[in-house]
Amino acid sequence: MFSTKQLDSFKKRTTPFYFYDLNLFRKTLEQIKEHGVSKGYHIHYALKANSHPQILAEIVKAGLSADCVSGGEVERATECGFSPNKIAFAGVGKRDIEIEIGLKNNILCFNVESVQELQVIDQLASQNNQTARVALRINPNVDANTHKYITTGLKENKFGINEKDLPDIFKLLPTLNNIELVGIHFHIGSQIEKLEPFKKLCLRANELNDIFENKGYTLTIINVGGGFGINYSNPDENGIPDFKKFFGTFEKHINLKPHQQLHFELGRSVVGQSGSLITRVLFTKTGIEKNFAIIDAGMTELIRPALYQAKHEIQIISDHANRPEKQYEIVGPICESSDVFRTGYEIAELKRGDILAIRSCGAYGEVMKSQYNLRHEIGTAFSDETE
Ligand SMILES: *Cc1c(COP(=O)(O)O)cnc(C)c1O
């Protein structure tokens with residue numbers, strides 16, 4: 001929760017703004033080190049979850065690697081201090097200019113998602129007299145049991161190479177002189193709350209690992225991607241995801257060969273619980289059947305509810321003693337009917353000027369903001385206060 005000092009500082013600020021609890025963030029990174037890095041695992045932070053330079057500085061300090069999905073992210077990662085030999089570059093549609101950025105920086109590897117992309121990287125690497133290190137992103141057809149917009153590892157999804165294309169790949173690879181195959185890569189989706197899909201992924205990864213080994217390839221990188229979920233409904237009690245269980249699942253089920261390294265790409269679970277969107281109630285109004293609370297943050301600041309029907313906890317953090325509970329439609333100011341944060345939400349009676357915290361916004365929050373409706377640029381606040 002928030003301290004009196006933090007609340008006092010919020011009262012002086014223009015809302016809405018993003019707030020990051022660096023103390024919680026550092027503790028989360030400690031858990032990742034304790035349960036993942038200590039086992040020799042390589043943890044790439046997925047920049048797309050939150051690429052704020054101050055967030056990245058903490059991650060660099062913790063010694064993690066980077067997972068990028070655009071040339072811009074590769075540039076941001078290097079600018080913020082990630083060593084290029086710790087950068088993996090994924091993405092189903094890399095432009096030539098973005099591939100060039102990866103080559104120029106001599107990154108750890110490209111996670112390649114199609115046969116054609118493999119050919120293009122070979123060609124561009126050849127023009128630069130370079131050898132590109134490549135991991136093949138294979139679509140394992142494992143159901144992540146998450147929202148359909150964040151499921152990525154089913155055969156109907158656009159991501160990765162299908163197993164049916166492997167014979168072509170095995171024929172093609174020996175002809176590509178500027179490609180070095182260093183690994184295989186998977187990423188089955190995001191906000192995965194159960195461990196079962198990760199177990200299934202391990203079993204598929206083991207099969208594929210054997211297929212490549214039998215073909216005579218020595219893969220050093222087995223990259224199982226990210227997707228570990230966070231608890232959106234109870235952020236105060238579950239501020240840090242259970243990384244012991246998460247990494248333990250892989251430790252138990254993945255079969256690495258002696259020369260192989262296990263790589264992960266985690267975004268949401270690293271930074272999700274450390275961010276909140278702080279907003280004020282602008283107006284309340286009673287509709288025909290519903291009470292509306294119109295707040296000064298909208299889908300332009302946090303699009304997850306509109307895009308994925310995500311439900312974030314909303315807490316009233318300014319003084320609200322002795323107010324009865326009421327049910328609200330908590331909505332933003334944007335001219336779209338999907339600009340709704342919660343419907344039928346039970347919270348203390350709201351009044352104009354109340355300060356609210358929309359919780360669990362550290363990942364896929366600030367990075368997805370837009371200026372739609374010509375909204376003003378919003379601010380960011382960090383606190384490293386310890387309790
Ligand atoms: C988005 C993404 C991740 C991170 O996913 P999280 O659910 O935030 O952990 C990892 N790898 C790839 C390839 C991604 O696209």
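The entries below go helix by helix, then residue by residue.

**Ground rules.** I am working with a predicted model, in which local features need pLDDT of at least 70, side-chain atom pairs count only at pLDDT 80 or more, and totals for chains, interfaces and linings use all residues. Residues are numbered from 1 along each chain as its sequence is written, and side-chain values use heavy atoms, with hydrogens and water left out.

**Entry 1: helix α2.** I took the helix and strand names from DSSP runs (helices are H or I of at least four residues, strands are E of at least two, numbered from the N terminus). Helix α2 covers residues 22-35. I checked its length: 14 residues at 1.5 Å a residue should span 20 Å, and the end C-alpha atoms are 20 Å apart, so the two agree. The expected span is 1.5 Å times one less than the number of residues.

Next I looked at the N-terminal end of α2, which is capped by D21. A side-chain oxygen of D21 lies 3.1 Å from the backbone nitrogen of N23.

Which residues of α2 are buried (under 20% relative accessible area; exposed is over 50%, partly exposed in between; 1.4 Å probe, protein chains only)? I listed L22, N23, L24, F25, T28, L29, I32 and H35. An α-helix has 3.6 residues a turn, so residues three or four places apart point the same way. The cover over the buried residues of α2 includes strands β1 (17-21), β2 (42-46) and β16 (379-383). Helices α3 (53-61), α9 and α10 (268-271) are also among the elements that cover them.

**Entry 2: α2 against α3.** I found the axes of α2 and α3 10 Å apart, at an angle of about 35 degrees. Axes are lines fitted to C-alpha atoms, for helices over the stretch in contact, and angles run from 0 to 180 degrees between N-to-C directions. In contact (heavy atoms within 4.5 Å) are L22, F25, R26 and L29 of α2 with I55, E58 and I59 of α3. I sorted the residues of this contact into 5 nonpolar, no polar and 2 charged. Nonpolar here means Ala, Val, Leu, Ile, Met, Phe, Trp, Tyr, Cys and Pro, charged means Asp, Glu, Lys and Arg, and the others, Gly among them, are polar.

**Entry 3: α8 against α9.** Helix α8 (residues 196-214) and helix α9 (residues 243-253) have axes that come within 9 Å and cross at roughly 35 degrees. I noted a right-handed crossing for α8 and α9. From α8, F198, K199, L201, C202, L203 and N206 meet F246, T249, F250 and H253 of α9. This contact of α8 with α9 divides into 6 nonpolar, 3 polar and 1 charged.

**Entry 4: S269.** I found S269 in helix α10. S269 is buried, at a relative accessible area of 3%. Leaving out residues up to four places away in sequence, S269 touches T28, F228, I230, P241 and F243.

**Entry 5: R375.** I located R375 in the loop between β15 (355-358) and β16. Is R375 buried or exposed? At 19% relative accessibility, R375 counts as buried. Its neighbours, not counting residues up to four places away in sequence, include D296, G298 and P333.

**Entry 6: E180.** I placed E180 in strand β7 (residues 179-185). E180 is partly exposed, with a relative accessible area of 41%.

Key
A crossing is left-handed if the near helix is turned anticlockwise from the far one by less than a right angle, and right-handed if clockwise. A polar contact is a pair of N or O atoms within 3.5 Å; within protein, one must be able to donate a hydrogen and the other to accept it, and residues adjacent in sequence count only if both atoms are side-chain atoms.
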